[in-house]
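Come along while I look things up.

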Amino acid sequence: MSGTTYSTFQSSSYSSSSDSSGNQYTEATVSNPSGTTVHRTSQEAGQPAVSETTRIPAGDTAAVQGGADSGRRIEDVTDADRQYEENMEDEYAKREEDESEGYVK
């Protein structure tokens with residue numbers, strides 16, 4: 001046995017809505033260790049349904065913009081978190097330096 005641990009999580013969500021004009025929208029999302037699949041379907045009243053499937057591989061850090069109706073996006077915030085932490089560390093270092101030199105703000 002190699003001692004390697006494999007993740008076997010899976011999560012899913014489903015939403016459905018319609019408006020007063022008879023337009024219908026659905027979205028199903030499934031995430032597992034290999035990535036995330038988002039399946040969207042929309043149907044305007046009296047028109048055929050339009051389907052869209054988006055596959056996001058695991059580890060993909062690119063922001064993925066949702067469909068025109070969703071207005072939502074999936075994005076990796078790791079870089080933003082790292083930048084924020086670096087900025088805070090720099091700010092505290094400046095304050096400590098100012099205090100050690102006798103400057104008080």
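My entries below go from the whole chain to the sheet and then to one residue.

**The chain.** I noted first that this is a predicted model. Reading from the N terminus, I get the order β-β-β-β-β-β-α. Of the 105 residues in the chain, 11% are buried. I put the accessible surface at about 8500 Å², with 48% of that belonging to carbon and sulfur atoms. Among contacts with a separation of 6 or more, I see 12% between residues 24 or more positions apart.

I traced an open sheet of four strands, ordered 1-2-3-4 with antiparallel pairing. Strand 1 (11-18) and strand 4 (50-57) each have a single partner strand, so one side of each has no neighbour in the sheet. On average, neighbouring strands here are turned by 10 degrees against each other, direction ignored. I then looked at strand 2 and strand 3 (residues 35-43), which form an antiparallel pair over nine bridges. In this part I found Thr-26 opposite Thr-41 of strand 3.

**One residue.** I picked Ser-31, which lies in strand 2 (residues 24-32). Is Ser-31 buried or exposed? I wrote down buried, because its relative accessibility is 15% and the cut-off for buried is under 20%. Which residues is Ser-31 in contact with, leaving aside neighbours within four places in sequence? I listed Phe-9, Gln-10, Ser-11 and Thr-36.

Methods:
Residues numbered from 1 in each chain as written. Predicted model: local features only at pLDDT ≥ 70, side-chain atom pairs only at ≥ 80, totals over all residues. Heavy atoms only, no water. Helix = DSSP H or I, 4+ residues; strand = E, 2+ residues; numbered from the N terminus. Buried < 20%, exposed > 50% of the residue type's maximum accessible area, 1.4 Å probe, protein only. Contact = heavy atoms within 4.5 Å. Pairing = 2+ DSSP bridges. Axes fitted to C-alpha atoms, helices over the stretch in contact; angles between N-to-C directions. Areas by Shrake-Rupley, 256 points an atom, 1.4 Å probe, with all protein chains shown as cover.
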